[in-house]
Amino acid sequence: MSKIFETKAIFRIEYELIQNVKKFRSQKGWSQEVLSSKLGFVETFVGKCESLDQPEKYNLRHIGIIKKVFDLKSLDNLFPDGLPKDEQIIIAYKKVPRIKADGTPSKIMENVVIELVVVEEETKAAANKTKER
């Protein structure tokens, strides 16, 4: 049985922004490094934003740059299903090997989301305190 990991609490809008940018990136056929370069950041930036293991996430300063890079008509395009609920979530995930082009497992691990858990606390600080689960 593989170990289940959990992120610190983040807002659902942060998670959906990451997922939507990842989708746009994939549709363009861009690697994480290519998008990082187009955004004007170090080549590891997008990889860190997309990784559940890393604390780096897109912020308000990045939204305008993302809109320009993807040539979006409106910021609404970043959330095609509408703005998500204003709630915090913790993401439960496991690490699994990436599959190589030949179908064999790689040594490189990727995160697979198991569950999104809504957090009841009102602040990130309260939500991120260690507690028994």
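By class, four nonpolar, six polar and seven charged residues make up the lining of the largest pocket, where Ala, Val, Leu, Ile, Met, Phe, Trp, Tyr, Cys and Pro count as nonpolar, Asp, Glu, Lys and Arg as charged, and the others, Gly among them, as polar. The model is predicted, with local features needing pLDDT of at least 70 and side-chain atom pairs counting only at pLDDT 80 or more, while totals for chains, interfaces and linings use all residues. Residues are numbered from 1 along each chain as its sequence is written, and side-chain values use heavy atoms, with hydrogens and water left out.

A pocket here is an open set of points on a 1 Å grid over the protein atoms alone, where a 1.4 Å probe fits and protein lies on both sides within 12 Å along at least five of seven lines; lining residues have an atom within 4 Å of a point. Volume is the space filled by probe spheres set on the points, which are joined across faces, edges and corners.

| Largest | about 420 Å³ | 17 residues | Glu50, Ser51, Arg98, Glu110 and Asn111 |

Two or more residues of the lining of the largest pocket come from each of α1 (12-28), α3 (45-50) and β4 (105-119); helices (H or I, at least four residues) and strands (E, at least two) are DSSP runs, numbered from the N terminus. In the second largest pocket, the lining divides into six nonpolar, two polar and six charged residues.

The helix α4 has His62, Ile63, Ile66 and Val69 as its buried residues, buried meaning under 20% relative accessible area, exposed over 50% and partly exposed in between, for a 1.4 Å probe and protein chains only. Seen down the axis of α4, these buried residues fall within an arc of 135°, so they line one face of the helix; the arc is that of the directions from the helix axis to the C-beta atoms. On the other side of α4, Leu60, Arg61 and Lys68 are exposed. The buried residues of α4 pack against α1, α2 (32-39) and α3, and just after α4, Asp71 takes a positive phi of about 55°.

Pro84 lies in the loop between α4 (60-69) and β3 (88-99) and counts as buried, at 15% relative accessibility. Leaving aside neighbours within four places in sequence, Pro84 is in contact (heavy atoms within 4.5 Å) with Arg12, Ile13, Glu16 and Phe79.
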